[in-house]
Amino acid sequence: MQNPILNHPDELTEITPEAELLFNEVSPYLKPEDLALLKSAYFFGQKAHAGQFRKSGEPYISHPVTVARILGELRLDMVTLAAALLHDVVEDTGIQKQEISERFGFSVAELVDGVSKLDKIRFQTKADMQAENFRKMLLAMAQDVRVILIKLADRLHNMRTLEVMSSEKQHRIAQETLEIYAPIAHRLGLENIYQELQELGFRFSYPTRYKVLLKATRAARGNRREIVGKILEAIKLRLQETGLDATVTGREKHLYSIYKKMVEKHLSFSDVLDIYGFRVVVRDVSSCYVALGALHGLYKPIPGKFKDYIAIPKQNGYQSLHSTLLGPYGLPIEVQIRTYEMHHIAETGVASHWLYKSKDIDAGMNELHMKANQWMKGLLETLNDSSDSLEFLEHLKVDLFPGEVYVFTPQGKILTLPRGSTTVDFAYAVHTDVGNCCVAARINGEISPLRTRLRSGDRVEIITAPAAKPNPVWLSYVATGRARSSIRYFLRTIQYSESVKLGERLLNQALYAFGVNPETVEPAQWEKLIRECGVKSREALLADIALGKQLAAVLAKRLVVPGESVSNTSGKSSITILGTEGMTVRFARCCYPIPGDGIVGLIKKDQGLVIHTQDCPAVVKIKDHKNMDNQLDVVWGAEIDRTFPVSIFTTVVNKSGVLARVTAEIAKADSNVDDITLENDKDYTTMRFILQTRDRQHLAQIFRRLKHIGEIVKMGRIKNQ
Ligand code: MN
């Protein structure tokens, strides 16, 4: 393989001692060509960050190098390490993702991009529930767990060097670490990173308490050092006598866990006695239980304190036996017993997936992978059953919450919605009234149509209009039951009353056509008609007319008393369309009529009145068949205050950025785009738009604006979709 550095000798810069340590650490397990690529990533990063310094005064590159070292200790793959070295270059040096992809491969670029995206979202509110949602949002956005691993290592190094920050910043970052990042590390089973993040988070969140507690534990440990040493020896001896080959270590309990215990159980420090713990690591599972028996024989176990996480592992895959024993002088001591494999999983957690498989791996390692795999499955508990964990391990893509998206309200609150949810779902999740009146949304500051599917991390603001109403079309794309049932409920109630109104207008028009004033129809005639039609009320009959179940002309004829003069000479009266009829009047989606167009109304069974343009092929076809019974004269009202969808096309010469310019001109003409479809061939692209327009004049303005774009070779309105 060609070494990219050699092609650019001017990029050869020095390898700092830290970088030296990194390369020494990973060279035993990386392939030589991977190591070479990693080095070139280092040189590239060093050059990109040249002249930048950390707040501590060190050259900036020392930060990504340390982040990579933390990940190297977990024996992660070259892709992760290279991405760690480059994780800040997109944000801080303006290097493009494309360039990283070309130099170091698509996977590295993807990871860097993922980390940069996470850096952009900020956690705001304090509520516990929100913290949990925010953690899920991060995981959902990351998609590849390696992004999270880099982010955690990044946070760990920033926490280690937090001292140089202002105390205000220290507090904010430390809080965020305790609430968000430490629990994620825990959830992913990264025990060491979790503990360290917690300790540092505690130290900078509550500096005074930390100092006091540190002093107290040091003093307490000093006093007990001798006893603790004796206990350690006693445990070792007893395990030896039992014939077990075990590694025993004394373990100081972390300050944060002591602190939490004091807070949760309302204890003073002197009441928290088990500040010392011991860890026993043995060969196999059966030895764990043998060791437990031996230690229970040595010191009396405290009842209710035994936990078998081997039989029932923790959700993050952690396995061990935990027991608290009563040591000499009444000192409680906590012991953890586990196998070497369990110990390894406890330390590296999810990272064990990306461990390099060296040739001398033994069978135990395979078992480890299987177990890691198993608990990965456990992590994904809520997922659809079809997700085969082996498959996604192969692709190194893990979507931890594939069923959900996490989005922000304008106030920074996080809402959880099912995947596939649109802005309409969001609006109904906020409040039914917001859903019923929504007309558009601003997603991350940009105006977006209602059908837009939301992605984790989106900030969504719903735009409402007091006169707006739910549209039946929404039912075709909403994902939540709440939105669906709210829309249905609204439509049922509102549609009936609107249908009654329209039905009355249609019937009156038919009566006038017979030369009869609707006011003069006798109540008896009405009752007779209602009986004959088998409906409950006059309203029901009128609604049926609007829905096309009854023909207005037929009913009008029956309402007119036989023998009375029925003439069809009074001239044709028309129904006036105001655009405010709601869903009883629809505007056809073949020709998209707008005010100014000559229009025709067609009444179809169960669809009610549909307005078409006079030249719409659907109308012309009916005329050919002379089947004009259901055709209605309609005219536009004089003052219509709403917009209507209209369909247009533009054919443009293929050039980058044309679509953006076309949509920008449309926006400048004060119109919104509802939908775009593109059809490409070699030289030209035809874009079809559904736009919102007020009338023909407005549409003409839009076309005038589009004429300024030189790349457009053809454009026009579409009336035969
Ligand atoms: Mn960083």
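Q: How many bridges join strand β2 to β6?
A: Six bridges join β2 (residues 276-282) to β6, and the two strands run parallel. Strands are DSSP runs of E with at least two residues and helices are runs of H or I with at least four residues, both numbered from the N terminus. Two strands pair if DSSP finds at least two bridges between them. This is a predicted model, in which local features need pLDDT of at least 70 and side-chain atom pairs count only at pLDDT 80 or more, whereas totals for chains, interfaces and linings use all residues. Residues are numbered from 1 along each chain as its sequence is written, and side-chain values use heavy atoms, with hydrogens and water left out.

Q: Which residue stands opposite V335 in β6?
A: F278 stands opposite V335.

Q: And β5, does that strand run parallel or antiparallel to β6?
A: Strand β5 (residues 321-326) runs antiparallel to β6, and six bridges join them. In this pairing H322 stands opposite Q336 of β6. The hairpin of β5 and β6 has five residues between the strands, and Y329 takes a positive phi near 60 degrees there.

Q: How many residues of β6 are buried?
A: Eight of the eight residues of β6 (residues 332-339) are buried, so the strand is largely enclosed by the rest of the structure. Buried means under 20% relative accessible area, exposed means over 50%, and partly exposed lies in between, with a 1.4 Å probe and protein chains only.

Q: Which residues lie on each side of β6?
A: P332, E334, Q336 and R338 are on one side, and I333, V335, I337 and T339 are on the other. In a regular strand the side chains alternate between the two faces of the sheet.

Q: Changing topic: which residues are the protein donors of the manganese ion?
A: They are H63 and H87 through NE2, and D88 and D154 through OD, lying 2.2 to 2.4 Å from the ion. Donors are N, O and S atoms within 2.8 Å of the metal (3.2 Å for Na, K and Ca); water is not among the atoms, so sites may look incomplete. The sequence spacing of the donor residues is H-x23-H-D-x65-D.

Q: Where do D88 and D154 sit?
A: D88 is in the loop between α5 (78-85) and α6 (89-93), while D154 is in helix α10 (residues 145-160). The pair is 66 residues apart and links distant parts of the chain. D88 is buried at 7% relative accessible area, and D154 is buried at 4%.

Q: In what order do the strands of the open sheet with β17 come?
A: The order of the four strands is β18-β19-β17-β20, with antiparallel pairing.

Q: Why is one side of β18 and of β20 left without a neighbour?
A: β18 (673-680) and β20 (712-717) stand at the edges and each has a single partner strand, so one side of each has no neighbour in the sheet. Neighbouring strands are turned by 15 degrees against each other on average, direction ignored. Between β17 (residues 644-653) and β19 (residues 684-693) there are 10 bridges, and V652 has T685 of β19 as its bridge partner.

Q: Which strands does helix α26 lie across?
A: Helix α26 (residues 658-668) lies across β17, β18, β19 and β20, at about 20 degrees to β19. Helix α27 (residues 696-706) lies across β17, β19 and β20, at about 175 degrees to β20. Axes are lines fitted to C-alpha atoms, for helices over the stretch in contact, and angles run from 0 to 180 degrees between N-to-C directions.

Q: Is K714 buried or exposed?
A: K714, found in strand β20, is exposed, with a relative accessible area of 53%. Leaving aside neighbours within four places in sequence, K714 is in contact with F649, T650 and T651, where contact means heavy atoms within 4.5 Å. The C-alpha atoms of K714 and T651 are 5.0 Å apart, although the residues are 63 places apart along the chain.

Q: One last item: at what angle do the axes of α12 and α14 cross?
A: The axes of α12 (residues 191-205) and α14 (residues 255-264) cross at roughly 65 degrees and come within 8 Å. The contact involves Y194, Q198, E199 and F202 of α12, with L255, Y256, Y259 and K260 of α14.
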